[in-house]
Amino acid sequence: MTQVGKITWPDSGTLRVNFLGDSVGYRGSFASTLENSWRYLMRARLESVGPVVYGSYDHTHDANGNTVFTSVSNVSGGEDLTFVMLGTNNVREAQEYDAFDSDCASALDRVRSTAPDALLVVGGAWMPSNGGTWTDCERVAHYDALIAEQAHKHDGMYVPFTDLFDHAPNRNPTGDPAFGGYTTDGFHPNDTGHRAIYNRYRIALGL
């Protein structure tokens, strides 16, 4: 086995990795290219160490067309490292706390049931610390506390992001071209924001 930071490459020599998330946590929306999204920056970093294969999962949207905790099912399993970055849309939809906590727990249950030995890395909500136009600061802090608690209950590590959201250059200016025909919208991370997310994860993992 090879140890790199907190990540252990298995005896097979190939690290099995999965990413579960929403437009920020998985799709990489509003980066200028997919390769500039935090997920692909992390892929490149991991692949610089050794062979990596990637897992899969099924994905659906809720009634509002958003990716939430209940969107994830049929996780491939057997991973050595799994990133979960969900919950932002649950916060934006002002989900009731108990339901939020239950849905978060259920999502992490699905991950743990298929990858019991994975290093589980759970990201907090991509939201402003003061709640912005969606909620208030006390609610954002409470939602993130629930994510952190469930991460720890599932033997995972929690990584927060509200301070990165609060740094305006991670989201602005608006109107810059992004891949997929989008333009930056002032909410989702731009290239600078995606790199900040990547670096937050990278440092947390000791890479």
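Select strand β7, residues 81–85, and show its side chains. Leu81, Phe83 and Met85 point one way from the strand, while Thr82 and Val84 point the other way. Every one of these residues is buried. The model is a predicted one. In a regular strand, side chains alternate between the two faces of the sheet. With 5 of its 5 residues buried, β7 is largely enclosed by the rest of the structure.

**The sheet around β7**

Now show the strands next to it. β7 belongs to an open sheet of 5 strands, in the order β4-β3-β7-β8-β9, and the pairing is parallel. At the edges are β4 (52–54) and β9 (156–159), each of which pairs on one side only. From one strand to the next the twist averages 20 degrees. Strands of a sheet pair through backbone hydrogen bonds, either parallel or antiparallel.

β3 and β7 run parallel and are joined by 5 bridges.

Then turn to β8, residues 119–123, which pairs with β7 in the parallel sense over 4 bridges. Thr82 stands opposite Leu120 in β8, and Val84 has Val122 of β8 as its bridge partner.

**Helix α5**

Next select residues 137–153, helix α5. The helix has 17 residues and reaches 24 Å from its first C-alpha to its last, close to the 24 Å expected at 1.5 Å a residue.

After α5 comes Asp155, which has a positive phi, near 55 degrees.

Colour the buried residues of α5: Val140, Tyr143, Asp144, Leu146, Ile147, Ala148, Gln150 and Ala151. An α-helix has 3.6 residues a turn, so residues three or four places apart point the same way. The cover over the buried residues of α5 includes α3 (88–92), α4, β8, β9 and α6 (162–166).

Zoom in on Gln150, which sits in α5. Is Gln150 buried or exposed? Its relative accessibility is 4%, so Gln150 counts as buried. Leaving aside residues up to four places away in sequence, Gln150 touches Asp101, Cys104, Ala105 and Leu108.

**Salt bridges**

The structure holds 4 salt bridges, and the tour visits some of them.

Start by selecting Asp80 and Arg16. Their side chains meet in a salt bridge, 2.8 Å from N to O. Asp80 is in the loop between β6 (72–73) and β7, and Arg16 is in strand β3, so the pair ties together parts that are 64 residues apart in sequence. Asp80 is buried, with a relative accessible area of 15%, whereas Arg16, at 38% relative accessibility, counts as partly exposed.

Move on to helix α2, residues 38–47. Within it, Glu47 forms a salt bridge with Arg43, and the closest N and O atoms are 4.0 Å apart. How many residues apart are Glu47 and Arg43? They are 4 residues apart in α2, about one turn of the helix. Glu47 is partly exposed, with a relative accessible area of 41%.

End the tour with Arg200 and Asp163, whose side chains meet in a salt bridge (2.7 Å, N to O). Arg200 lies in helix α7 (residues 191–205) and Asp163 in helix α6, so this pair ties together parts that are 37 residues apart in sequence. Arg200 is partly exposed, with a relative accessible area of 23%. Asp163 is also partly exposed, and its relative accessible area is 40%.

Methods
Residues are numbered from 1 along each chain as its sequence is written. This is a predicted model: local features need pLDDT of at least 70, side-chain atom pairs count only at pLDDT 80 or more; totals for chains, interfaces and linings use all residues. Side-chain values use heavy atoms; hydrogens and water are left out. Two strands pair if DSSP finds at least two bridges between them. Helices (H or I, at least four residues) and strands (E, at least two) are DSSP runs, numbered from the N terminus. Axes are lines fitted to C-alpha atoms, for helices over the stretch in contact, and angles run from 0 to 180 degrees between N-to-C directions. Buried means under 20% relative accessible area, exposed over 50%, partly exposed in between (1.4 Å probe, protein chains only). Contact means heavy atoms within 4.5 Å. The expected span of a helix is 1.5 Å times one less than its number of residues.
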